[in-house]
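Colleague: I would like to learn how to read strand order and helix packing in a model. Can we go through one together?

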Amino acid sequence: MQTEDPGMKPNPSTAALQKEHRQLKERVQWLENMLHHVPAMVFTADQRNSQVSWCNAYMETFTGYTLTEMHTLGLEFFRQFIHPDDFEITRIAQESFQNNKNIFGGVTRVRPRGQRDWRWLVGLTIPFSHDEKGEVKDVICTFLDLTMAIDTHTQLADAMSEVLRRQNESLLHKLTFREKDVLALAVKGLNNKEIAQQLNLSRHTVETHRKNIRLKLKVRNTTELVTIARKIGFQ
């Protein structure tokens, strides 16, 4: 029975595979190390139950929670971390991906564990994996602490103004001409009967327009409707 000569060199193809494997391993380690040092929270989560499956080291440091704690708490982690008035954003994000939206962005207030003050984050979320039915299974999220932009006050103010301007234009384009007419009168305080008389429409038609406006602008009541309408430019 022949034994392999310990002094024999691996054939060229084996040596090439070993080198490629070593280089790939080094690249993966480098990428992982880079993600852990990115000055932003990066994590993946189950779209269906908001359970964090992976996060970078920066997120653990910023939030005060370990990955194991985040995973175990599931949705409760976000409930403890996000401001109560902003928590609704988690549901809206889930629904947006159920409606085939390919990116979701927003601004929210959060409070790291053990701290008193709330901090503002801006984040983007995109689908990361899909199940056998083609529905979003996991999402990858990136959140940046806005308080880190303290060296660019002027640029930050200009950027936020520009974002709001574009968002307002986008909302305005969702409305039909008639819906804009109804909204303009609603902002002035007219009720459905008065709007119907002004526009020579039936009260039922006005009610339908207002319902559609609320759906398009994603508001729940007249107070929210008037607030966002004024931001868009209706006075």
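This is a predicted model: local features need pLDDT of at least 70, side-chain atom pairs count only at pLDDT 80 or more; totals for chains, interfaces and linings use all residues.

Colleague: In what order do the five strands of the open sheet lie?

Modeller: Elements first: helices (H or I, at least four residues) and strands (E, at least two) are DSSP runs, numbered from the N terminus. Two strands pair if DSSP finds at least two bridges between them. Here the order is S2-S1-S5-S4-S3, and the pairing is antiparallel. Strand S2 (52-55) and strand S3 (104-110) are the edges, each pairing on one side only. From one strand to the next, the twist averages 30°. Axes are lines fitted to C-alpha atoms, for helices over the stretch in contact, and angles run from 0 to 180 degrees between N-to-C directions.

Colleague: How many bridges join strand S4 and strand S5?

Modeller: Nine bridges, between S4 (residues 119-130) and S5 (residues 136-145), in the antiparallel sense. Ser129 stands opposite Asp138 in S5.

Colleague: Which strands does helix H5 lie across?

Modeller: Contact means heavy atoms within 4.5 Å. Helix H5 (residues 88-98) lies across S3, S4 and S5. Its direction is at about 165° to S3.

Colleague: What describes two packed helices?

Modeller: The angle between their axes and the distance between the axes. Take helix H6 (residues 153-173) and helix H10 (residues 222-232): their axes come within 9 Å and cross at roughly 115°. H6 is therefore roughly perpendicular to H10. Angles under 35 degrees count as roughly parallel, over 145 as roughly antiparallel, 65 to 115 as roughly perpendicular and the rest as oblique. H6 brings Asn168, Leu171 and Leu172 to the contact, and H10 brings Ile228, Lys231 and Ile232. By class, that is four nonpolar, one polar and one charged residues. Ala, Val, Leu, Ile, Met, Phe, Trp, Tyr, Cys and Pro count as nonpolar, Asp, Glu, Lys and Arg as charged, and the others, Gly among them, as polar.

Colleague: And where do H7 and H8 make their contact?

Modeller: The axes of helix H7 (residues 177-187) and helix H8 (residues 192-199) come within 10 Å and cross at roughly 130°. H7 is therefore oblique to H8. Arg178, Asp181, Val182, Leu185 and Ala186 of H7 meet Ile195, Gln198 and Leu199 of H8. These residues divide into five nonpolar, one polar and two charged.

Methods:
Residues are numbered from 1 along each chain as its sequence is written. Side-chain values use heavy atoms; hydrogens and water are left out.
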